[in-house]
Amino acid sequence: MTLRPGANLTIDGQRLWESLMDMALIGPGVAGGNNRQTLTDADAAGRRLFQRWCEEAGMTMAVDRMGTMFMTRPGTDPQALPVYIGSHLDTQPTGGRFDGVLGVLAGLEVVRRMNDLGLQTRHPIVVTNWTNEEGARFAPAMLASGVFAGVHSLDYAYSRKDPEGKSFGEELQRIGWQGEEEVGARRMHAYFEYHIEQGPVLEAENRQIGVVTHCQGLWWLEFTLTGRQAHTGSTPMARRINAGLAFARIVELVQSVAMAEQPDAVAGVGQVFFSPNSRNVLPGSVVFTIDLRTPSQEKLDRMRARIEAQATEICAALGVDCAVEAIAHFDPVTFDPVLTGRVREAAERLGYSHRDMVSGAGHDACWAAKAAPATMIFCPCVEGISHNEAEEISPEWAAAGCDVLLHAVLETAIVVQ
Ligand code: HGY
Ligand code: MN
Ligand code: MN
């Protein structure tokens, strides 16, 4: 018989908020947010703090060869597969204090609350900090969970380089977090991820909980445009092989392709490198990444095809060489309806307003869903702002989502009286 937690069963919101604020002190940004990029010394410091908190809560740590941290609270049945609660402690260079961190520390709060109440569950609980979810320093995003799900090889992951040419494998060793455990050897009973929405919907509709039924699919297409480096002053317009102009026209193309697929399609460019990036030199090369996403598989493939075909024409007309590499991809994800149902029922039991929704951002849950039944819970964030140091949530929003997480996890892990 599956016991339903009572509506009066909630977490300690004050303790959760204090842990969030303490973690936010590690790897501070310049405008109140965080710059705790993966495999930096700040990341290592955040990992040590999380490890200390978990061990104080009676959990034991295992680390796999991608540096992902698995903190286990034992269950009563040693044969039962664990229920996982995961997200990420790494941030964008100008990240907020809550993206990823909320989900990891909410998992810790679930365990702390279970300890307070002396609750035992048949299935163990494992709180997970995935390495390099953001993909800001080492592309692609969700790298460790991707290796765990068998989407990327360990060698591919170790070979990924940051803009300074440092490799993932070297940096993981340098910070001392390369574990022994084979990546993906673990089996999961279920996976939950609690995350800020990173969009405007919940706040705009004054709802407390997002019941995340799906996640939109994604392509990251890295373009390398090669023109001819030349003097910006003495090179006549007709004699230019202008990779910078091709870049500008492709950015406009990306915008028009996304607008032609409305609603529910987004595309844009967040990162570009001009070389030599000197104000009076026409670039020899321009390297940039297009990020395109939509919940529809058909649209996703159509948008990619249109962008690649028309970008090639733009470059040909300008005599610019065009090379494209898909550096990240996942198809639209449907989360597990049984787990999603428990999230929805928990919100109703607790009296929290909620709505079903599709995740705009990618998450480790998208890859975890390949390994086990998985789902997500969202809380609102102020004006939907994220990947920005101004990212903000309220303690009440944080606590409500964590209450729902507690209920859904306890129902899935089965409380043993
Ligand atoms: O790109 C994403 O959606 C996530 O923040 N890594
Ligand atoms: Mn995130
Ligand atoms: Mn993020």
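Predicted model: local features only at pLDDT ≥ 70, side-chain atom pairs only at ≥ 80, totals over all residues.
Residues are numbered from 1 along each chain as its sequence is written, and chains are lettered from A and ligands numbered from 1 in the order in which they are written.

**Ligand 1**

- An N or O atom in the side chain of Glu-133 is 2.9 Å from a nitrogen atom of ligand 1, and a polar side-chain atom of Arg-293 is 2.6 Å from an oxygen atom of the ligand.
- Gly-362 takes part through its backbone, with an N or O atom 2.7 Å from an oxygen atom of ligand 1.
- A polar contact is a pair of N or O atoms within 3.5 Å; within protein, one must be able to donate a hydrogen and the other to accept it, and residues adjacent in sequence count only if both atoms are side-chain atoms.
- Ligand 1 taken alone exposes 210 Å², and the protein buries 94% of that (accessible areas come from the Shrake-Rupley method with a 1.4 Å probe; for residues, only the protein chains shown count as cover).

**Aromatic pairs around Trp-130**

- The structure holds twelve aromatic pairs (rings of Phe, Tyr and Trp, the last by its six-membered ring, with centres within 6.5 Å; planes under 30 degrees apart are stacked, over 60 edge-to-face and the rest tilted).
- Trp-130 and Phe-148 form an edge-to-face pair, at 5.2 Å centre to centre and 75° between the planes.
- Trp-130 lies in the loop between β4 (125-129) and α4 (143-148) and Phe-148 in helix α4, so this pair ties together parts 18 residues apart in sequence (helices, H or I of at least four residues, and strands, E of at least two, are DSSP runs numbered from the N terminus).
- Trp-130 is buried at 1% relative accessible area, and Phe-148 is buried at 7% (buried is under 20%, exposed over 50%, partly exposed in between, with a 1.4 Å probe and protein chains only).
- The rings of Trp-130 and Tyr-191 have centres 6.3 Å apart and planes at 55°, so the pair is tilted.
- Tyr-191 is in strand β5 (residues 190-196), 61 residues from Trp-130, and both residues are buried.
- Ring pairs join Phe-70, Tyr-84, Trp-130, Phe-148 and Tyr-191 into a cluster.

**Charges over rings**

- Arg-112 lies over the face of Trp-53, 5.5 Å from the ring centre (NZ of Lys or CZ of Arg within 6 Å of the ring centre and within 35 degrees of the ring normal).
- The charged end of Arg-304 sits over the ring of Trp-219, 4.1 Å from its centre.

**Backbone**

- Most residues other than glycine have a negative phi, and most peptide bonds are trans.
- The Gln-262 to Pro-263 peptide bond is cis, with omega near -5°, and Pro-263 is in the loop between α8 (243-259) and β9 (266-275).
- Asp-264 is found in the loop between α8 and β9 and has a positive phi, near 65°.
- The Ser-275 to Pro-276 bond is also cis, with omega near 15°, and Pro-276 is in the loop between β9 and β10 (281-282).
- Gln-198 has a positive phi near 65°, lies in the loop between β5 and α7 (201-204), and is buried at 17% relative accessible area.

Methods: Heavy atoms only, no water.
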